[in-house]
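This briefing covers the pockets, sheets and aromatic pairs of one protein model. Please consult the sequence and the structure shown below.

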Amino acid sequence: TAGFVWPANDKMARATALAEVHYMDRFLAHVPRRGIVVQAGGNAGVYPAHLATYFREVHTFEPDPTNYACLVENVKKCQGAIAAHHAALGERDGTCGVRQIDPGNAGAVIVTEGGDIPIRQIDTFCLRECDLIWLDVEGYELNALKGAEKTIETFWPAVIVEDNSLCEKHGIPRGAATE
């Protein structure tokens with residue numbers, strides 16, 4: 001497991017994350033500045049730990065309580081380079097719940113209405129710089145980008161989003177986050 005702690009019920013996310021993390025380097029080759037990155041879903045911490053090898057500061061967001069507990073444990077070895085936030089990213093500040101849509105996949109967690117998990121806007125963090133926004137938030141990417149409009153206008157970071165059909169669960173057509 002490459003030294004990472006994982007949710008006990010996970011049968012899929014661990015293998016996927018450990019296989020895919022090496023592909024991140026291909027994208028990062030196109031990101032010239034290496035100050036601050038905003039990354040979400042943090043899951044168990046594989047992606048933010050890898051990003052910490054490139055960036056001075058990583059802000060990672062994970063709304064699922066079990067994943068977040070693993071993330072906090074797993075990024076301790078990154079010696080302060082990672083600020084882990086138990087929250088979702090969205091268009092406006094508020095709260096949400098989470099639902100695991102595949103019981104064997106700790107990475108398949110979507111935000112739901114109701115609940116007591118914070119939703120935060122990237123813009124409310126008033127970052128002093130932002131060089132990359134990397135979002136893999138199970139269909140909630142467009143909402144997270146709308147909450148980052150001022151940050152994007154100010155810093156022109158590279159933006160990487162996952163685009164799949166999960167956005168339709170939030171009433172968002174596929175491809176909307178990449179337009």
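Two strands pair if DSSP finds at least two bridges between them. Helices (H or I, at least four residues) and strands (E, at least two) are DSSP runs that are numbered from the N terminus. By these criteria, β5 and β6 pair in the antiparallel sense over seven bridges.

The model is predicted: local features need pLDDT of at least 70, side-chain atom pairs count only at pLDDT 80 or more, and totals for chains, interfaces and linings use all residues. Residues are numbered from 1 along each chain as its sequence is written, and side-chain values use heavy atoms, with hydrogens and water left out.

**Sheets**

- Three strands in the order β4-β6-β5 form an open sheet with mixed pairing. Its edge strands, β4 and β5, each pair on one side only.
- C96 has I117 of β6 as its bridge partner.
- Five strands in the order β3-β2-β1-β7-β8 form an open sheet with parallel pairing. Each of β3 (82–85) and β8 stands at an edge with a single partner strand, so one side of each is left without a neighbour in the sheet.
- On average, neighbouring strands of this sheet are turned by 10 degrees against each other, direction ignored. The axes are lines fitted to C-alpha atoms, for helices over the stretch in contact, and angles run from 0 to 180 degrees between N-to-C directions.
- Strand β2 (residues 57–61) pairs with β3 in the parallel sense over four bridges, and V58 has I82 of β3 as its bridge partner.

**Pockets**

- A pocket is an open set of points on a 1 Å grid over the protein atoms alone, where a 1.4 Å probe fits, with protein on both sides within 12 Å along at least five of seven lines; lining residues have an atom within 4 Å of a point. Grid points are joined across faces, edges and corners, and a volume is the space filled by probe spheres set on the points.
- The volume of the largest pocket is about 770 Å³. It is lined by 42 residues, of which E20, Y47, D136, E138 and E162 are the closest to its centre.
- Elements that give two or more residues to this lining include α1 (13–20), α3 (46–51), β1 (36–40) and β6 (109–120). The largest share, four residues, comes from α1.
- The lining of the largest pocket divides into 27 nonpolar, nine polar and six charged residues. Here Ala, Val, Leu, Ile, Met, Phe, Trp, Tyr, Cys and Pro count as nonpolar, Asp, Glu, Lys and Arg as charged, and the others, Gly among them, as polar.
- The second largest pocket holds about 270 Å³ of space. Of its 15 lining residues, V111, E113, I119, Y140 and N143 are the closest to the centre.
- β5 (94–100) and β6 are the elements that give two or more residues to the lining of the second largest pocket, and the largest share, five residues, comes from β6.
- Four nonpolar, seven polar and four charged residues make up the lining of the second largest pocket.

**Aromatic pairs**

- The whole structure contains two aromatic pairs. Rings of Phe, Tyr and Trp (its six-membered ring) pair if their centres lie within 6.5 Å; planes under 30 degrees apart count as stacked, over 60 as edge-to-face and the rest as tilted.
- F27 and W134 form an edge-to-face pair, 5.6 Å centre to centre with 85 degrees between the planes. F27 lies in helix α2 and W134 in strand β7, so the pair ties together parts that are 107 residues apart in sequence.
- F27 is partly exposed, with a relative accessible area of 44%, whereas W134 counts as buried at 12% relative accessibility. Buried means under 20% relative accessible area, exposed over 50%, and partly exposed in between (1.4 Å probe, protein chains only).
- The ring centres of F61 and F125 are 5.4 Å apart and their planes lie at 75 degrees, so this pair is edge-to-face. F61 is in strand β2 and F125 in the loop between β6 and β7, 64 residues apart.
- F61 is buried, with a relative accessible area of 2%.
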